[in-house]
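Please read this briefing alongside the sequence and the model. The notes are grouped by topic.

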Amino acid sequence: MATIGNSGHPLKWFKDQNAARNYWECAICLEVLKDPVQIRDCGHQFCELCIEDILKVDPRCPTCRIDISGAKIFEDQAARRMINQLDVNCCNEGCSWVGCLTSLLQC
């Protein structure tokens, strides 16, 4: 099973943590979606690693409990683009840099 903090992007990175949590939080790891995927039938989104771990033990959506399979899950490119453009703070204490997630991940 996915370990909290190991699958998604840490919430503390994001400048607007409330918006990141409200719109992009994975219901499994409780972090911001990393490699977001969406379940076709219900529209719920999860980190790719998180849902892969869940499917190994329970083939149901963790949020609404409908039956799912790998064939019903697709990469959510729109969510990925939006998340990559969110403003993040530098992870180093004392640094005042702010930029988009894509810039941070390229460092």
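**Sheet, helix and selected residues**

Strand E1 (residues 36-39) and strand E3 pair in the antiparallel sense over three bridges, where strands are DSSP runs of E with at least two residues, helices are runs of H or I with at least four residues, and both are numbered from the N terminus. Two strands count as paired if DSSP finds at least two bridges between them. This is a predicted model, in which local features need pLDDT of at least 70 and side-chain atom pairs count only at pLDDT 80 or more, whereas totals for chains, interfaces and linings use all residues. Residues are numbered from 1 along each chain as its sequence is written, and side-chain values use heavy atoms, with hydrogens and water left out.

**The sheet and the helix across it**

- The three strands form an open sheet in the order E2-E1-E3, with antiparallel pairing, and its edge strands are E2 (45-47) and E3 (73-75), each of which pairs on one side only.
- Neighbouring strands of this sheet are turned by 35° against each other on average, direction ignored; axes are lines fitted to C-alpha atoms, for helices over the stretch in contact, and angles run from 0 to 180 degrees between N-to-C directions.
- Helix H3 (residues 77-84) lies across E1, E2 and E3, and runs at about 145° to E1.

**Gln38 in strand E1**

- Gln38 is found in strand E1 and counts as buried at 19% relative accessibility, where buried means under 20% relative accessible area, exposed means over 50%, and partly exposed lies in between (1.4 Å probe, protein chains only).
- The side chain of Gln38 makes a polar contact with the side chain of Asp76 at 2.7 Å; such a contact is a pair of N or O atoms within 3.5 Å, and within protein one atom must be able to donate a hydrogen and the other to accept it, while residues adjacent in sequence count only if both atoms are side-chain atoms.
- Leaving aside residues up to four places away in sequence, Gln38 touches Gly43, His44, Gln45, Lys72, Ile73, Phe74 and Asp76, with contact meaning heavy atoms within 4.5 Å.

- Leu30, placed in the loop between helix H1 (17-24) and E1, has a phi near 65°, a positive value in a residue other than glycine, and is partly exposed with a relative accessible area of 43%.
- Asp35 is placed in the loop between H1 and E1, has a positive phi near 50° in a residue other than glycine, and counts as partly exposed at 30% relative accessibility.
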